[in-house]
Amino acid sequence: MNKLGVRPYSEPNESLLGYCVRLSKRNGLSGLRMLYDLIGVPNIGKNKSRSELDRSEVILEKLAPILGRDLSVLREAFSAQSPVWVYDEKRLIQDIRIEHPRICPNCIIEKGFVDWRWGLAHLSTCPEHQVLLLDACPSCNKPLDWHSSLLQGCHKCGATWEGMDISKRPITSLEEKAWVHATDNPSNYKDLLTDICAAIVVAGRPYDSYHDRRNHAPTISEYSSVVSLAYKILTDTWTQEAWIGSCKAERDVCLPLGDKVTYAPVLSLEKHARTFKVTDIYGSSGGSDSTTFEENAEFVKQSRFNVIPASSDTDLLRYQVSSSQLTKMLGLPNGCIQQMVDDGVIKPCNSTNVLRDQLFDMRQFSKLFSDACQAEASGRLVTPKSKELTTHLTSYGKVLSDVASGVLNGSITDSSELNQIVVNELQYKKWLAAMLENACSETVPAYKAQAALKCGDKKIKTLIHRGEIKCSRLCTSYGSIDGNSLLEFITKTMK
Ligand SMILES: [Zn+2]
Ligand SMILES: [Zn+2]
């Protein structure tokens, strides 16, 4: 194939796709697509599971002959792409390369090319001009694309970058640092990247308890503002206070369940971003910062929208939590949530049976416990450590289930945690006996029998040899015990 008529060299820090646009423009082509057709880069097709950015090698191979340059020289010119941008399982945004164009209009006017760093999802503001990077035309609001007029203005409405009034936005010092690291040695700053990505996802969903891990940053026209807010959330005390204050106002239905639940969005950021610590958030005054926090639907996985009932209860998204979050927030031992699900006391929002993937509506709990609990003035305190639970072959989760469903009268003693509950003493005794009887109506695993008898392996074997308790009929080893014989023995020895 013939060489292109005009073959400019790439500029330092020029993006590959931006360079292709510049080549198109200089050679009278309309943009990326037309250039690709000309040089034989295959269409990516409808199945966009692969990113345009993963095709750099194909593009460079096709460019080399029409530019009359060595492939190795071209590779070297565009080698700034680090594998760090593509994947890191710890990040809430795994691939931080943005495929569509994002630009600083002032830089374009001055330098005439697209900087590859504008395509990094964790950056928001041009450090030279202190303006937000644009991914849509400020004049017509349409998204920018890789058209050859990109270097001059918007091809949709004809507005030019020159003379456009774009408001200044001061860059935070943390973001300035991130710009330097981008060209430095990004693999040294993986932790910083993890924190920034977490803050971006949280800034996109400031009132949600649970945040989705994403493959890519969402495509929204306000994306740079969200990233800019993320830096402020990470570094600016006023912004933090304003956010904490509005969490309290926006999530007030959670107040009866305590601070950990009310401020779950803040705790979610603390969990995902290791350098982010809001000390004493609960004492926060709420702040007087004018920052506004907007919820962006695009930051939520479609599958979470799918579970919202027809009543379009979009607030539900705020209160969805995973079972591990629930366990932590409510101060519960493992297994309680599963027990409550099995008993039908709480229902997951989604249809999966895998507890790890289940999401729950936090509000079920405030309703559950304010409805079910009647104050027990002269009750008995039960906690996950209460020994009578294991000796009666039951669990704390079962106590919660039965209090929640009204089988057992009880009340929460400390509104912020569900890890202690006061129950009616008399009722509780009967309940424990019923639990033991129920468990003994079938075969009991030996380890549970040991817990019930507060004894070890040896003692169980001795009891079996003496005929005081029996092995299960179906089992020849000591692995399982006949429930009836166990119940008889316990009843006898307790007398
Ligand atoms: Zn600039
Ligand atoms: Zn426009």
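This is a short chat about the predicted model shown above.

Me: How many helices and strands are there in the protein?
Reply: The model is predicted, and the protein in it has 23 helices and 9 strands.

Me: What box do the C-alpha atoms fill?
Reply: Roughly 100 × 55 × 40 Å, taken along the principal axes.

Me: And which domains does the assignment give?
Reply: The domain assignment gives domain 1, made of 16-88 + 95-151, and domain 2, which covers 440-495. The C-alpha centres of domain 1 and domain 2 are 72 Å apart.

Me: Ok, inside now. What share of the residues is buried?
Reply: Buried residues make up 36% of the 495.

Me: Which residues touch the most other members in the largest nonpolar core?
Reply: That core has 74 residues, and C197, A199, I200 and A230 touch the most other members. Helix α8, residues 190-204, gives the most to this core, with 9 residues. Apart from it lies another core, of 25 residues, including Y36, C104, L134 and W146.

Me: Back to I200. What is I200 in contact with, leaving aside neighbours within four places in sequence?
Reply: I200 is in contact with I93, H122, V226, V227 and A230.

Me: Which residues of helix α12 are buried?
Reply: Helix α12 spans residues 264-272, and A264, P265, V266, S268, L269 and H272 are buried there.

Me: What do those buried residues pack against?
Reply: The buried residues of α12 pack against α8, α10 (237-250), α11 (259-262), β3 (320-322) and α15 (323-329).

Me: New topic: sheets. In what order do the strands of the open sheet come?
Reply: The order is β5-β7-β6, 3 strands with antiparallel pairing.

Me: Which strands stand at the edges?
Reply: β5 (380-382) and β6 (410-412) do, each with a single partner strand, so one side of each has no neighbour in the sheet. From one strand to the next, the twist averages 30°.

Me: How many bridges join β6 to β7?
Reply: There are 3 bridges between β6 and β7 (residues 421-423), and the two strands run antiparallel. The bridge partner of I412 in β7 is I421.

Me: Last one. Of the contacts with a separation of 6 or more, what share is between residues 24 or more positions apart?
Reply: Such pairs account for 66% of those contacts in the protein.

How values were computed
Residues are numbered from 1 along each chain as its sequence is written. Chains are lettered from A and ligands numbered from 1 in the order in which they are written. This is a predicted model: local features need pLDDT of at least 70, side-chain atom pairs count only at pLDDT 80 or more; totals for chains, interfaces and linings use all residues. A nonpolar core is a set of buried Ala, Val, Leu, Ile, Met, Phe, Trp, Tyr and Cys residues joined through C-beta atoms within 7 Å. A residue is buried if 20 or more other C-beta atoms lie within 10 Å of its own, exposed if 12 or fewer, and partly exposed in between; C-beta atoms are placed from the backbone. Helices (H or I, at least four residues) and strands (E, at least two) are DSSP runs, numbered from the N terminus. Two residues are in contact if their C-beta atoms, placed from the backbone, lie within 7 Å. Domain bounds come from an automatic or database domain assignment. Two strands pair if DSSP finds at least two bridges between them. Axes are lines fitted to C-alpha atoms, for helices over the stretch in contact, and angles run from 0 to 180 degrees between N-to-C directions.
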